[in-house]
Amino acid sequence: MAGVGLSQADFKLDPRFTDANGDMVADAPTDASKQIDPDTLIFAYTPVEDPAVYAKVWQEFLDHLAKTTGKKVQFFPVQSNAAQLEAMRAGRLHVAGFNTGSNPIAVACAGFVPFTMMASKTGAFGYEMEIITYPGSGVTKVEDIKGKKMAFTSETSNSGYKAPSALLRTEFQLEAGKDYEPVFSGKHDNSILGVANKDYPAAAIANSVMKRMVARGVVKPEQIVTIYKSQTFPTTGYGYVYNLKPELAAKVKEAFSTFNWEGTALLKEFQTSEPPQEAFIPITFKDNWAVIRQIDSAMGVSYECK
């Protein structure tokens, strides 16, 4: 995958957006009447696990976001990547964390402007895609997936679908539907639990999610065997919708950069990742998502709005 060249021309924003400064994200409308200034900001976290768990995890941050912006803030529990994309595109979602793989389509199609992600206090970040199995499955190496079921999460996921599909095809000559049967679990936690419970002989997952599930005691390390680990990818990107009033967008950015993690449910949940996620650091879509756009290019992914 590293050998796939990617020019900026391969990535295009939907025609309804403009990008005058060439930063690859939609510019705020210059016409003030087309900017939005909602009384209640709607926030959604990527649909990785049980939304009810994450409403509590994010509460202290959302209180801080409300205080910083002077707006009411509501947590919107999304059930799928598609629902999250559609909500932002339709104007029902203002601030969000989009997972690694759906970031480019959110930028291109929904006008998402990512500006930050979680990292360690030293600025270390990222996760790897792992292909996992269970002890005694008969799968001890990637080639053993031939003729078996392989669980993915959803088609917009980087580690849950796009990266492993490209990898299986280019490095192991395994074609979906011909050499193995792809099944979709919907979420990383479903795939991880599916392997742990021996429902799937193999699955492609984000190891950051797996580490958090192990830390919470949802699965035991001895239930899972890793047979492949990828290069490091960026984690969930957080940002706002492009047509948010610029003064309000600036306040949203300020809320992320000034949030005090100490003693919060957010820290408790995310510090179990490796590296620990315990701070918000600035990122750019142009630089930090270059490797993801490269994988998308290898997969022939289209950023057309459906």
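Throughout this passage, a residue is called buried when its relative accessible area is under 20%, exposed when over 50%, and partly exposed in between, using a 1.4 Å probe and protein chains only. Helices (H or I, at least four residues) and strands (E, at least two) are DSSP runs, numbered from the N terminus. The structure described here is a predicted model, in which local features need pLDDT of at least 70 and side-chain atom pairs count only at pLDDT 80 or more, while totals for chains, interfaces and linings use all residues. Residues are numbered from 1 along each chain as its sequence is written, and side-chain values use heavy atoms, with hydrogens and water left out.

The buried residues are V291, I292, R293, Q294, I295, D296 and M299. Their cover includes helix 3, helix 4 (158-172), strand 9 (225-233) and helix 9 (285-288), judged by contact, meaning heavy atoms within 4.5 Å. After helix 10 comes G300, which has a positive phi, near 70°.

The structure holds one disulfide, a term used for a pair of cysteine sulfur atoms within 2.5 Å. C109 is joined to C305, with an S to S distance of 2.1 Å. This pair links distant parts of the chain, since C109 belongs to helix 3 and C305 to the segment after helix 10 (290-299), 196 residues apart.

Two strands are taken to pair if DSSP finds at least two bridges between them. Six strands form an open sheet with mixed pairing, in the order 2-1-3-10-4-11. Strand 2 and strand 11 (279-282) stand at the edges with a single partner strand each, so one side of each has no neighbour in the sheet. From one strand to the next, the twist averages 30°. Axes are lines fitted to C-alpha atoms, for helices over the stretch in contact, and angles run from 0 to 180 degrees between N-to-C directions.

Strand 1 (residues 40-45) is mostly covered, with five of its six residues buried. Strand 1 runs parallel to strand 2 (residues 72-75), to which four bridges join it, and F43 stands opposite F75 in strand 2. Strand 1 is also parallel to strand 3 (residues 95-98), here through three bridges, with Y45 opposite G97. Strand 4 (residues 112-119), by contrast, pairs with strand 11 in the antiparallel sense over four bridges; T116 stands opposite P282 in strand 11. Helix 2 (residues 81-89) packs on the sheet, where it touches strand 1, strand 3, strand 4 and strand 10 (237-241), and its direction makes about 150° with that of strand 3. Helix 3 (residues 103-110) packs on the sheet as well, touching strand 3, strand 4 and strand 10, with its direction at about 155° to that of strand 4.

T68, found in helix 1 (residues 51-69), is buried, with a relative accessible area of 15%. The side chain of T68 reaches the backbone oxygen of H64 at 2.7 Å. Apart from neighbours within four places in sequence, T68 is in contact with K251, E254 and A255. T133 lies in strand 5 (residues 127-133) and is buried, with a relative accessible area of 1%. A polar atom of the T133 side chain lies 2.5 Å from the backbone oxygen of P201.

Methods:
Polar contact = N/O pair within 3.5 Å; in protein donor to acceptor, adjacent residues only side chain to side chain.
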